[in-house]
Amino acid sequence: MPLARRVHDEFVALLGAADVIDDPVRARAYECDGLTGSRVVPELVLLPRTADDVAGCVRICARHRVPFVARGAGTGLSGGALPVADGVVIGLNRLNRVLEVDPENRRAVLEPGVTNLEITAAAAPHGLYYAPDPSSQQVCTIGGNVAENSGGAHCLKYGFTTNHVLSMEVVLPDGSQVTLGTDSAEQQGPDLRGVFLGSEGTLGIVTAVTVRLLRTPEVMRTLLADFPSVAAGGQVVSDIVAAGIVPAAVEMMDALAIEAAEGATGAGYSLDTPAALVVELDGTVEECEEQFALVKEICDRHGCTRLHIAGSPEERANIWRGRKAAFAAVGRISPDYIVQDGVVPRTRLAEVLERIEEMSSAAGLRVANVFHAGDGNLHPLVLFSDAEGQTERAEHLSAQIAELCVEMGGSLSGEHGIGTDKACSMPTMFGEDDLAVMDRVRAGFDPDHICNPGKLLPTPRLCGEKPGRYRPHPLEEAGLIERL
């Protein structure tokens, strides 16, 4: 009997039978996150309702060494919430309360199941908002944002999740409950808040988060500009930053991404342009007017073929609706796709995109590009058809693109994390000593390796297997061997 099944009754005694899913059919809803190419059905799914419930579940797991994986909305794109076959999934979507909004100190306290956009909705009546804004902000949760150190379109000016989280209440892998960080920016001793944030669920489970809120800007100015090439748009980005302007956001989409997004939203993007740039400035009226004029001049200098300025909040929202729909909209032009994530120096954007085009041609697959141009965070979407046997080629190309980013002086991930998707690529970015130190830090929190095992760091078993989705060996299918 699988280990998790042996302690089934302990979970039921803690949570009640209704909050323990032991039916494999129902558990299949938790078999993957947004990286749908990898799937594992967990033995049990636990649905705690309070932080104490979460701690109780983890204590049972620790006592019996049952592996567990925390899961929020399941919108992650790196396999970070992939279950363990003989373990449990601890779902956090029922811990979804906004516990406090403190406008005087500009902060909010949230349970991990609160969605990113709900934070701003709760803060808006006080003239405040929460800055990090992933494209999935309508559905992704703050717990997942903390796990992945998520960013978004406006991270160029305002930073990532780590820049906006003051403290966290956390359940460690032994079931103990601790607070990391403080309600102010100052703290004594090691920055355990910083260690935990972005650790992809491998060091424990967040049960409450205190975030920093910002004052809503006096004015926001947004433009959508078309260019004859991605290189021209990239040069605009470099020149804007060189001019001393730090936009709230600078986003770029290529022709394939525009085709998909416009087909899905009708947001007004040009279908005949090789590249489109979204630039947003915010601040005081005087500051925005002066910088906006300079941005328009830079766009014209680099051959802008169409420039549309949002004349109302509704038009601004429409431009962003088109950009933020891009990932999901790609499903309109391809039956399957992989969303990759990597970072390159902003000055090498054009060079990297040219290399990606060469690699996609060699693989015989299309790649749509959507990216946070201001900080060089690429999101290439590798388009393929599983029905036509293209999956392995697509996964190989996706890994090649991630490793190309490292080759170009960048990083394997900007905000989607490493998870299971890029664990085997970690040695391209880090040496053996670096990885050993990371593993020791992880073991300091989780000596039994039961907390989200198999993620982030490469292991001999993981990297010795053939990359891509698991396909049984013929002897396994014949019942002659078992996969351990």
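## A loop residue

Ala243 has a relative accessibility of 40%, so it counts as partly exposed (buried is under 20% relative accessible area, exposed over 50%, and partly exposed in between, with a 1.4 Å probe and protein chains only). The residue lies in the loop between α9 (230–242) and β13 (249–254); helices (H or I, at least four residues) and strands (E, at least two) are DSSP runs, numbered from the N terminus.

Apart from neighbours within four places in sequence, Ala243 is in contact with Leu294 and Ile298, where contact means heavy atoms within 4.5 Å. Between Ala243 and Ile119 there are 34 Å in space, C-alpha to C-alpha, and 124 residues in sequence.

## Basis of the model

The model is predicted: local features need pLDDT of at least 70 and side-chain atom pairs count only at pLDDT 80 or more, while totals for chains, interfaces and linings use all residues. Residues are numbered from 1 along each chain as its sequence is written, and side-chain values use heavy atoms, with hydrogens and water left out.

## Helix packing

Helix α2 (residues 8–15) and helix α4 (residues 51–64) have axes that come within 10 Å and cross at roughly 165 degrees. Axes are lines fitted to C-alpha atoms, for helices over the stretch in contact, and angles run from 0 to 180 degrees between N-to-C directions. The two helices are therefore roughly antiparallel (angles under 35 degrees count as roughly parallel, over 145 as roughly antiparallel, 65 to 115 as roughly perpendicular and the rest as oblique). Residues of α2 that meet α4 include Phe11 and Leu14, and those on the α4 side include Ile60 and His64.

The axes of helix α14 (residues 349–363) and helix α15 (residues 391–407) come within 11 Å and cross at roughly 160 degrees. This makes α14 roughly antiparallel to α15. Among the residues in contact are Ile356 and Met359 of α14, with Leu397 and Leu404 of α15.

## Aromatic rings

Rings of Phe, Tyr and Trp (its six-membered ring) pair if their centres lie within 6.5 Å; planes under 30 degrees apart count as stacked, over 60 as edge-to-face and the rest as tilted. By this rule there is one aromatic pair. The rings of Tyr129 and Tyr158 have centres 6.4 Å apart and planes at 90 degrees, so the pair is edge-to-face. Tyr129 is in strand β7 (residues 128–129) and Tyr158 in helix α7 (residues 155–158), so the pair ties together parts 29 residues apart in sequence. Tyr129 counts as buried, at 16% relative accessibility.
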